[in-house]
Amino acid sequence: MTHSTGNKTSQVESVREKFFFLLYAAYEITYYIFGQSTINTFFNTSSITFSVNLLVIIGLTFFVATNKYDLIQFVLIFVGIIMGLYAYSVLRLNVLLITVLFMAAAKNIHLNQFIQKDFMLRTILLVGIILANRLGFVPSNTGLRVGTITIVRDSLGFGQFNITGALIMICVLEYVYLNFQRMTSLAYQWIVIIIVLTLALTNSRGSMLAATLYTLASWLFQHHNKEARYWTKKLIGYAKYMFGFLTVVSTIAVVLFSYKSTMWQFINKVTSDRINILNQYYEKFGIHILPQQVTNYRSAGIIVMDNIYVTLAIQYGLIVILLFVIYYYIVCAEALKKNNIQFILMLVALMIFGIIESSFFIVGINFTVMMIFSNMSVMPNSSLEE
């Protein structure tokens with residue numbers, strides 16, 4: 001009787017996981033093809049993305065209504081959904097709402113199985129769009145990054161250079177995660193080639209920094225295991241405080257920035273004018289409790305805030321930034337309980353990426369934002385499993 005009940009529970013969980021990934025895949029395919037690729041220059045794709053996102057939201061709402069949450073989980077999800085709805089009403093952006101709904105729906109989803117399927121899906125979409133671009137079916141956006149060396153940037157069939165870099169980054173991170181400590185020399189060589197080519201073509205430095213750091217971590221664990229374990233055990237427990245720490249440091253830097261200071265001018269140059277731009281947003285809009293409408297940068301038609309911590313603080317407000325601090329505290333703490341060191345290291349790499357880019361909390365780029373309440377057991381037969 002117990003065995004039969006267990007089988008039925010397992011079958012229900014399997015069906016739920018398949019349905020969840022179907023919803024995620026619908027969102028992801030739409031995000032890549034109609035949201036971020038230059039296919040949207042041929043015709044207006046907004047009605048397609050809106051329709052698919054609405055269906056996804058309805059499906060995710062089913063999961064939220066049927067999942068069981070403890071009190072803390074319920075409060076964090078409830079407040080997140082309220083903030084997501086409020087942000088949509090004020091900003092006309094559904095990214096926060098969809099992120100929180102995916103987070104709530106992904107409760108108990110098996111992280112490793114999800115990453116295996118997600119890696120295949122992302123790789124097919126990414127390679128497909130880049131091939132379509134190289135064959136001339138979809139256009140590139142090109143631009144110059146002027147500095148000591150002037151670099152021509154190519155978006156490879158996507159609408160923005162840094163988005164291309166971020167999408168390549170997450171594929172690299174997922175591949176390394178799935179093969180952590182089991183990477184061949186050839187695999188490392190291919191990753192180096194991918195990183196160098198991405199830097200040469202898109203010059204997306206933040207995403208390639210994250211990819212490089214995570215790949216280096218895998219290499220250290222594989223070839224210098226004892227030393228890597230020693231330092232990791234000393235430092236890994238602090239990962240759960242990292243989002244909060246980077247929020248405080250980034251916000252203080254932006255608030256205290258002064259263009260008159262030689263020191264700040266140097267820091268601003270190193271960060272490609274990011275702190276100066278963020279400081280202008282802070283001076284104009286300040287930081288409020290609730291989400292607020294933020295206008296585009298110097299009439300450029302786009303909002304330019306390349307730091308997730310300050311973006312959340314200025315555009316989404318103190319409640320939302322506090323939610324993310326708590327979210328990432330929980331996900332790091334739970335991964336640590338499961339001894340899933342490779343996932344914690346991925347989270348650290350992505351939080352470093354967030355210092356330089358604001359696309360961090362978009363599910364289509366960073367799937368970890370929805371894995372707060374998932375099953376984070378380590379990969380089977382992993383040498384990290386003890």
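Predicted model: local features only at pLDDT ≥ 70, side-chain atom pairs only at ≥ 80, totals over all residues.
Visitor: How many aromatic pairs does the count come to?
Guide: Rings of Phe, Tyr and Trp pair if their centres lie within 6.5 Å. By this rule, the number of aromatic pairs is 32.

Visitor: Which kind of pair do the rings of Phe 324 and Tyr 327 form?
Guide: Both residues lie in helix H13, three residues apart, about one turn of the helix. Planes over 60 degrees apart count as edge-to-face. The ring centres of Phe 324 and Tyr 327 are 5.6 Å apart and the planes stand at 70°, so the pair is edge-to-face.

Visitor: Is Tyr 327 buried or exposed?
Guide: A residue is buried under 20% relative accessible area. Phe 324 has 2% and therefore counts as buried. Tyr 327 has a relative accessibility of 1%, so Tyr 327 is likewise buried.

Visitor: Which kind of pair do Tyr 328 and Phe 360 form?
Guide: Planes under 30 degrees apart count as stacked and those over 60 as edge-to-face, with the rest being tilted. The centres of these two rings are 5.3 Å apart and their planes are at 50°, so the pair of Tyr 328 and Phe 360 is tilted.

Visitor: How many residues apart in sequence are the parts that Tyr 328 and Phe 360 tie together?
Guide: Both residues are buried. Tyr 328 belongs to helix H13, whereas Phe 360 is in the segment after helix H14, so the parts that the pair ties together are separated in sequence by 32 residues.

Visitor: At what distance from the ring centre does Lys 117 lie over the face of Phe 21?
Guide: Charges over rings include the charged end of Arg 92, which sits over the ring of Tyr 88, 4.5 Å from its centre. For Lys 117 over the face of Phe 21, the distance from the ring centre is 4.9 Å.

Visitor: How many disulfides does a search of the whole structure find?
Guide: A disulfide is a covalent bond between the sulfur atoms of two cysteines. Cys 171 is buried, with a relative accessible area of 8%, and Cys 332 is buried at 3%. Across the whole structure, the number of disulfides found is zero.

Visitor: Which residues are linked with Arg 122 in a network of salt bridges?
Guide: Glu 174 meets Arg 122 in a salt bridge at 3.8 Å, N to O. This pair links distant parts of the chain, with Glu 174 in helix H6 and Arg 122 in helix H5, 52 residues apart. The residues linked with Arg 122 in the network are Glu 28, Asp 118 and Glu 174.

Visitor: Is Arg 134 buried or partly exposed?
Guide: Arg 134 forms a salt bridge with Asp 154, the closest N and O atoms being 2.9 Å apart. Asp 154 is buried, with a relative accessible area of 14%. At 47%, Arg 134 lies between the limits of 20% and 50%, so Arg 134 counts as partly exposed.

Visitor: What area does the nonpolar surface patch with Ile 82 have?
Guide: Ile 82 is in helix H3 and is partly exposed at 38%. The patch is made by Leu 71, Phe 74, Val 75, Phe 78, Ile 82 and Leu 85, and its area is about 600 Å².

Definitions and conventions
Residues numbered from 1 in each chain as written. Heavy atoms only, no water. Phe/Tyr/Trp six-rings, centres within 6.5 Å; stacked < 30°, edge-to-face > 60°. Helix = DSSP H or I, 4+ residues; strand = E, 2+ residues; numbered from the N terminus. Buried < 20%, exposed > 50% of the residue type's maximum accessible area, 1.4 Å probe, protein only. Lys NZ or Arg CZ within 6 Å of the ring centre and 35° of its normal. Disulfide = S-S within 2.5 Å. Patch = residues over 30% accessible without salt bridge, like charges linked within 9 Å, V, L, I, M, F, W, Y side chains within 5 Å. Areas by Shrake-Rupley, 256 points an atom, 1.4 Å probe, with all protein chains shown as cover. Salt bridge = Lys/Arg side-chain N within 4 Å of Asp/Glu carboxyl O.
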